[in-house]
Amino acid sequence: MSGSRKVMVTGGAGFIGANFVRYWSEKYPTDRIVVLDALTYAGNPANLESVAAGENYRFVHDNILDASAIDELMQQEQIDTIVHFAAESHVDRSIHEPDAFIQTNVIGTNNLLMAARKHWIDSDNAPTTHLFHHVSTDEVYGTLGPDDPAFTEQTLYAPNSPYAASKAASDHLVRSYHHTFGMQVTTSNCSNNYGPYQFPEKLIPLMIVNAVTGKPLPIYGDGSNIRDWLYVEDHCRGIDRVMNKGHRGATYNLGGNNEWRNIDIVNQLCKSIDAAFAANAHLAEQFPDAPAAKGKNTESLVTFVKDRLGHDWRYAIDATLAETELGYEPQENFESGFQLTLDWMLNNEAWWRAVMDGSYRDWISKNYSAAG
Ligand code: NAD
Ligand code: TYD
């Protein structure tokens, strides 16, 4: 696609969505960006502060479960591109409360597809080009053993958690709108992201926050589970490639070429935090409860806890298709990406304190009315 697009970004106040909005508005400043976000516990307008003043940017507080709100917004803004991030995204929450995952991830995705079909395919005023890009996960493919080859786009779906099952359903819906109605769609399935603005319920930001506040570092099971880690900006670059160069109707796997056992990630993180405190005496004053502030190793906080139910053992991505067809290549390795993330967390204490103590929710309820 070329020229100025009118892009609706669902879930743009969440972790990856906000990084994507910043990335896209810098790279394509003439595109209009309309963020549609319900501001659930995971959505935070502070994540979008740096783009909020842009003249080509609008934030809309609404819910993808509200089909008429989506319809109205698409009409009003003449949207021709949707980048769909909005989702319930945390596996642990899906174990305790699967219903919200079915609602947002399945019904919400279908609402967006129905509105897109109405405005892009059935309408007399349809835009000349359109694109629905769906952001999905490697978790739809299930789990791997130690010697299994990495997931390719041909790997059969075998989702194991309610989260993964709801994302798998949404992937199938997107595919079906291409096949049945000729909607121009692309889908990307990526591995575990990390980086700035990630909600500290996910492994890496949770461990950093706990390490500097002197709380236990809970490792599920024996810590041998393996994930592939993708720096969030590399993911945004990958989505850009898929949207601009990918075959319509196709799916692309995006990965970081970084498979790590959880225990090794946490040990590495502990060492990096010890090194950061050793190099900068100010950190001990800023975070007096951290073991590293008291001359102890951060590793002393590691605690093995009860395993997650149905815990997938290994995810690994084969991104050959995106590499060969689209020229996709992650720029960060785990060491560089992790250092960027740690520096960001250490320099943005106010952001994660507000998230952890819930004060950002008070601010949201004062400044935003309830979304439909
Ligand atoms: P996140 O939980 O940080 O953010 C989700 C955003 O969606 C929040 O801003 C939330 O307010 C919004 N949202 C939730 N329900 C909504 C609804 N009903 N209507 C409107 N907005 C709603 O998630 P994330 O980690 O940024 O993930 C973004 C997408 O990427 C998701 O689709 C997820 O499945 C996918 N993904 C994430 C990862 C990862 O490691 N984080 C990996 C692979 C794929
Ligand atoms: P998470 O960040 O929740 O992502 P996902 O479940 O989507 O992969 O978890 C990453 C890995 O870290 C996963 O194997 C579960 C594990 N984990 C822990 O060991 N302790 C924790 O506190 C968390 C949140 C995750």
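For the composition of a ligand shell, Ala, Val, Leu, Ile, Met, Phe, Trp, Tyr, Cys and Pro are counted as nonpolar, Asp, Glu, Lys and Arg as charged, and the others, Gly among them, as polar. The model is predicted, with local features requiring pLDDT of at least 70 and side-chain atom pairs pLDDT 80 or more, whereas totals for chains, interfaces and linings use all residues. Residues are numbered from 1 along each chain as its sequence is written, chains are lettered from A and ligands numbered from 1 in the order in which they are written, and side-chain values use heavy atoms, without hydrogens and water.

Ligand 1 is surrounded by 29 residues, a residue being included if one of its heavy atoms lies within 4 Å. This shell comprises 13 nonpolar, 12 polar and 4 charged residues. Strand 5 (131-137) is among the elements that supply at least two residues each, and strand 5 gives the most, with 3. Polar contacts (pairs of N or O atoms within 3.5 Å) include one of 2.7 Å between a side-chain atom of N63 and a nitrogen atom of ligand 1. An oxygen atom of ligand 1 lies 2.8 Å from a polar backbone atom of N193. The protein covers 97% of the 830 Å² of accessible area that ligand 1 has on its own (Shrake-Rupley method, 1.4 Å probe).

Around ligand 2 there are 18 residues, divided into 8 nonpolar, 5 polar and 5 charged. Oxygen atoms of ligand 2 lie 2.6 Å from a side-chain N or O atom of E139 and 2.7 Å from one of H311. Of the 510 Å² of accessible area that ligand 2 has on its own, the protein covers 96%.

Note on methods. A polar contact is a pair of N or O atoms within 3.5 Å; within protein, one must be able to donate a hydrogen and the other to accept it, and residues adjacent in sequence count only if both atoms are side-chain atoms. Helices (H or I, at least four residues) and strands (E, at least two) are DSSP runs, numbered from the N terminus.
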